[in-house]
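Q: I have a chain on the screen and would like to learn how to read its features one at a time. Where do we start?

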Amino acid sequence: MSAFLERFFHLQECGTSVRKEITAALTSFFSIIYIVFVTAAYLSETGMDYTATLISSCLMAAVGCFLCASLNSPFILTPGVGLNAFFAYTLCRAMGYSWQQALSVILLCSLFCFAIMLTPMRERLLSCIPPSMRNAIAAGLGMFIALIGLSNSGLVSISTSGLSLGDFSSPSVLLAAIGLLLTGLIMAWKLQGGMLLAILLTTLIGIPLGVTLIPESLPALSFSLEPVFFKFDFPGLFSIGLLPLITAIVTFSLCLCFDTLGNVLTLSKAGNMLDEKGGVGRNSHVMSFCALGSAFAACMGIPALIPPIECTTGISAGARTGLHSLCVGLLFLLTILLVPLASLIPAAATSPVLIFIGMLMIGNATNIYWRDPEFALPCFLAMIMIPFTNSVADGIGIGFISYVVVNLLVGKGHRVQKITYALASLFVVMYVLAAL
């Protein structure tokens, strides 16, 4: 077996070993397993079946890992937390699409991104936006995810009069507060699999509080994906109008491309896997597989697959080949056997993790060049408009438009790339048509 693994994954050539790859796989798995539970919680709010989406999340994460293993890449692919938020709270809640229609949008976007990833346009797309703007969008999305976690947990009450502190006399709100403190402590102690551990401990604490309900018997495991499998509604996409459809496709495609490109670059840097030109080298094909895997995931009821930034834990532990990805994929398959236990986890146990993820993403704001108003103002607008308008699309659109306008007014329009002008113009047209 060792000889076969050596021939297939070139372990010695990559400076690693079977033991090191398996150890790194366990590290990665316990760092990212929480994602499948958070994904199911997000998607169930749109009306999708919780159990089916949880099983599908595990399956798609396994498939994504196997795709990376076939490239002999140490990366792993899982549902994207930020993209799930876009799906549930922008496409479905803010824009009014049903989850079946939203999945249709995701399929179109994934195929569009796959076409882009096969061309040199992928590098141009990443460079068309200054790093400060990309960091602003990530920070804004972090604020959005944190707001969702605060709202779902009841720590913050959202009404027509605005935001207010939640009712701490409620056991579920009290549990969420305990869970948030517990999550912070566990992550500060740098315990392995910290977020999953926080979810499990918060769930246990919820038993005496009466929030976690223990049934007399666990439900039988059903492997049926029928509730979410291939549930597209393409004719219904035009029920809301052509303009919202274009907005949805453009913004989700941008989010998917930026998340994929940015994370692949970050992970390649973490593992010293950049080529001599600063490119991602042999991991470049992972970007194409992300888009292709996202299209397949949409058929299985999951919004999108991206390489999670938590993958750095495994890479830092020494993962350098596809054996790491293969092992993580197998662990995701085994997780399906634990799906009946997932029904015990209350929203108050997963919401603190969302808040913590939001906090980590907001950290991207420190990489914005705040001293230059030509960058700072567009970045600030993009960052705050995502949570304040409850729309990732509006935040990105306003960020693009303000970036172009500010640079034109100060006489620096020459440094704005043509593709950026095109995207900003598209958003302007969409806003004008929406106002008519």
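What follows is a set of questions on ring pairs, helix packing and backbone angles, put to a predicted model.

Q: How is a pair of aromatic rings described?
A: A pair of aromatic rings is described by the distance of the centres and the angle of the planes. Here the count comes to 11 aromatic pairs. Take Phe 29 and Phe 332: their ring centres are 5.4 Å apart and the planes stand at 75°, so this pair is edge-to-face.

Q: Which parts of the chain does the pair of Phe 29 and Phe 332 tie together?
A: Phe 29 belongs to helix 2 (residues 18-32) and Phe 332 to helix 14 (residues 322-335), so the pair joins parts that are 303 residues apart in sequence.

Q: Is Phe 29 buried or exposed?
A: Buried means under 20% relative accessible area. Phe 29 has 7%, so Phe 29 is buried. Phe 332, at 0%, counts as buried too.

Q: Which pair is tilted?
A: Phe 86 and Phe 252 form a tilted pair, with 5.3 Å from centre to centre and 55° between the planes. This pair also links distant parts of the chain, since Phe 86 sits in helix 5 (residues 81-94) and Phe 252 in helix 11 (residues 242-270), 166 residues apart. Phe 86 is buried at 1% relative accessibility, and Phe 252 is buried at 0%.

Q: Which residues do ring pairs link into a cluster?
A: Phe 229, Phe 230, Phe 232 and Phe 234 are linked into a cluster by ring pairs.

Q: What does Val 392 touch?
A: Setting aside residues up to four places away in sequence, Val 392 touches Phe 86, Thr 90, Leu 141, Phe 144, Cys 255 and Ile 386. Val 392 is in helix 18 (residues 392-409) and is buried, with a relative accessible area of 1%. Leu 141 is 251 residues from Val 392 in sequence, yet their C-alpha atoms are 7.1 Å apart.

Q: How do I check the span of helix 8?
A: Count 1.5 Å a residue: the 23 residues of helix 8 (residues 131-153) should span 33 Å, and the end C-alpha atoms are 33 Å apart, so the two values agree. Helix 8 is followed by Gly 154, whose phi is positive, near 85°.

Q: How do helix 8 and helix 17 cross?
A: The axes of helix 8 and helix 17 (residues 373-388) come within 7 Å and cross at roughly 20°. Angles under 35 degrees count as roughly parallel, so helix 8 is roughly parallel to helix 17. Their crossing is right-handed.

Q: Which residues meet where helix 8 and helix 17 come together?
A: Helix 8 contributes residues including Ala 136, Gly 140, Met 143, Phe 144 and Leu 147, while those of helix 17 include Pro 378, Ala 382, Met 383 and Ile 386. In general, an α-helix has 3.6 residues a turn, so residues three or four places apart point the same way.

Note on methods. Residues are numbered from 1 along each chain as its sequence is written. This is a predicted model: local features need pLDDT of at least 70, side-chain atom pairs count only at pLDDT 80 or more; totals for chains, interfaces and linings use all residues. Side-chain values use heavy atoms; hydrogens and water are left out. Rings of Phe, Tyr and Trp (its six-membered ring) pair if their centres lie within 6.5 Å; planes under 30 degrees apart count as stacked, over 60 as edge-to-face and the rest as tilted. Helices (H or I, at least four residues) and strands (E, at least two) are DSSP runs, numbered from the N terminus. Buried means under 20% relative accessible area, exposed over 50%, partly exposed in between (1.4 Å probe, protein chains only). Contact means heavy atoms within 4.5 Å. The expected span of a helix is 1.5 Å times one less than its number of residues. Axes are lines fitted to C-alpha atoms, for helices over the stretch in contact, and angles run from 0 to 180 degrees between N-to-C directions. Angles under 35 degrees count as roughly parallel, over 145 as roughly antiparallel, 65 to 115 as roughly perpendicular and the rest as oblique. A crossing is left-handed if the near helix is turned anticlockwise from the far one by less than a right angle, and right-handed if clockwise.
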